[in-house]
Amino acid sequence: MTHSFVRAPLSRRRFLKISAAAAGGLMLPASGLAANQIYRWRGIALGAKAEILLHHTDKRAAEDIFARMEGEIRRLESIFSLYKRGSELSRLNAEGQLDAPSAELLELLSLAGRVHTLTGGAFDPTVQPLWSLYARRYSSRQVAPTTSEIARTRRLVDFRAVSFDSQRVRFAKEGMALTFNGIAQGFITDRVSTLLKALGFEDVLVDLGEIAASGSGNLDGEGWQVTLRPGGDEEHTKALKNQAVATSSISGTSFDQNGTVSHILDPRTGLPAKSNLQGASVIAKAAAVADSLSTAALVCGEDKLRQALKEIPGTSAFILRENGQKAHLNG
């Protein structure tokens, strides 16, 4: 069976697509495949259009699985959403502390802390006050924040000023705020993939902009064929098998109408990211790791990314340098 939809260029955080086959379904001979039907669910997940495809023999069972996946996505949104009223993140940002945080929030904060350290502070979820400053200035007047505004806001950006344990998450400075936009989508992708595997699905591809692929993906057993675009027109085709990938590009989204001010900010300077990379696709065992490293890569640059990859087993990257050269980095 072919899976043509994974050949399309990645459109980061624009479309969720999940394809899965019940225990061995994609590896059956033609006579077995005929018994499997493709069931489709469409809706909204993480603020984007979503589609879930299931290869299954039982319509009622497929509908039950749809409901369980949708419920898991909604549950995780209630933790990590920056804009959903009442989410754990929204309450933390509003109050400066959160009592009895969920296990998922603590796990994500721990991973963010590790990537923050490995990238020399290039990945920092406390960049949210800076992001809000830029968004306000460009949405109202299409002008950059002043140097003094950036310097003042930069004092609120420091992941080391976030303390957390099973009792409480707390900001050390009033006015701090977190965003998980560079890691939560990957985390949720991992959780949905894990849920499907627990339900007996062996061949699973979850695409949330970040991709998690498990199983063989096709009859030749080589994995799910995914086309990566780390930037510009450059692309790489990669077979993923029990791996995840995330892509970030400087030109992906911008604050200004002309598309010249990248939405990826350097938390260390308060300015739009300026490294020797235009784009990066990071492959890892977990989508949350790939998500955070691909974001950090555009801030920290090639050398620091290479160092970080070496510290995390099973990671690699396809990069597009600022001068147009492309390269493959092994962890």
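**Figure 1. F80 and its two aromatic partners.** F80 and F187 are both buried in this predicted model. Their ring centres lie 5.3 Å apart with the planes at 75 degrees, so this pair is edge-to-face. It links distant parts of the chain, with F80 in helix α2 and F187 in helix α7, 107 residues apart. In total, the structure holds 6 aromatic pairs.

**Figure 2. F180 and the largest nonpolar core.** This core has 72 residues, and those touching the most other members are L54, M69, F80, L178, F180, L196 and L305. The element giving the most to it is helix α8 (residues 287–311), with 12 residues. Which residues does F180 touch, not counting those up to four places away in sequence? They are F80, L89, L105, L108, L109, P125 and Q185.

Figure 3. Shared partners join the salt bridges of E72, R75, E104, E107 and R191 into one network. Within it, the side chains of R75 and E104 meet at 3.0 Å, N to O. Are the two residues buried or partly exposed? R75 counts as partly exposed, at 33% relative accessibility, while E104 is buried, with a relative accessible area of 12%. In the salt bridge between E107 and R191, the closest N and O atoms are 2.7 Å apart. That pair links E107 in helix α4 with R191 in helix α7, 84 residues apart. E107 is partly exposed at 41% relative accessibility, and R191 is partly exposed at 24%.

Figure 4. R321 belongs to strand β13 (residues 316–321) and E302 to helix α8, and the two are 19 residues apart. At 21% relative accessibility, R321 counts as partly exposed; E302, at 6%, counts as buried. The structure holds 13 salt bridges.

**Figure 5. Helix α5 and its buried residues.** How far apart are the end C-alpha atoms of helix α5? They are 18 Å apart, which agrees with the 18 Å that its 13 residues (128–140) should span at 1.5 Å a residue. The buried residues of this helix are Q128, P129, L130, L133, Y134, R137 and Y138, and they pack against α6 (147–154). An α-helix has 3.6 residues a turn, so residues three or four places apart point the same way. Ring pairs also link W131, Y134, Y138 and F255 into a cluster. After α5 comes Q142, with a positive phi near 55 degrees.

**Figure 6. T119 in the loop between α4 and α5.** T119 lies in the loop that joins α4 (103–118) to α5. With a relative accessible area of 2%, T119 is buried. Its side chain reaches the backbone nitrogen of F123 at 3.2 Å. Leaving aside neighbours within four places in sequence, T119 is in contact with R268, L293, A296, C300 and K304.

**Figure 7. D158 in the loop between α6 and β5.** The place of D158 is in the loop between α6 and β5 (162–164). D158 has a relative accessible area of 18% and is buried, because the cut-off for buried is under 20%. A polar atom of its side chain lies 3.0 Å from the backbone nitrogen of R160. Not counting residues up to four places away in sequence, D158 touches D124, T126 and M176.

**Figure 8. A280 in strand β12.** A280 is part of strand β12 (residues 277–284) and is buried, with a relative accessible area of 0%. Although 18 residues separate A280 from L298 in sequence, their C-alpha atoms are 7.2 Å apart. Beyond residues up to four places away in sequence, A280 touches P230, A246, T247, S248, S294, A297, L298, F318 and I319.

Methods. Residues are numbered from 1 along each chain as its sequence is written. This is a predicted model: local features need pLDDT of at least 70, side-chain atom pairs count only at pLDDT 80 or more; totals for chains, interfaces and linings use all residues. Side-chain values use heavy atoms; hydrogens and water are left out. Helices (H or I, at least four residues) and strands (E, at least two) are DSSP runs, numbered from the N terminus. The expected span of a helix is 1.5 Å times one less than its number of residues. Buried means under 20% relative accessible area, exposed over 50%, partly exposed in between (1.4 Å probe, protein chains only). Contact means heavy atoms within 4.5 Å. A polar contact is a pair of N or O atoms within 3.5 Å; within protein, one must be able to donate a hydrogen and the other to accept it, and residues adjacent in sequence count only if both atoms are side-chain atoms. A nonpolar core is a set of buried Ala, Val, Leu, Ile, Met, Phe, Trp, Tyr and Cys residues joined through side-chain atoms within 4.5 Å. Rings of Phe, Tyr and Trp (its six-membered ring) pair if their centres lie within 6.5 Å; planes under 30 degrees apart count as stacked, over 60 as edge-to-face and the rest as tilted. A salt bridge is a side-chain nitrogen of Lys or Arg within 4 Å of a carboxyl oxygen of Asp or Glu.
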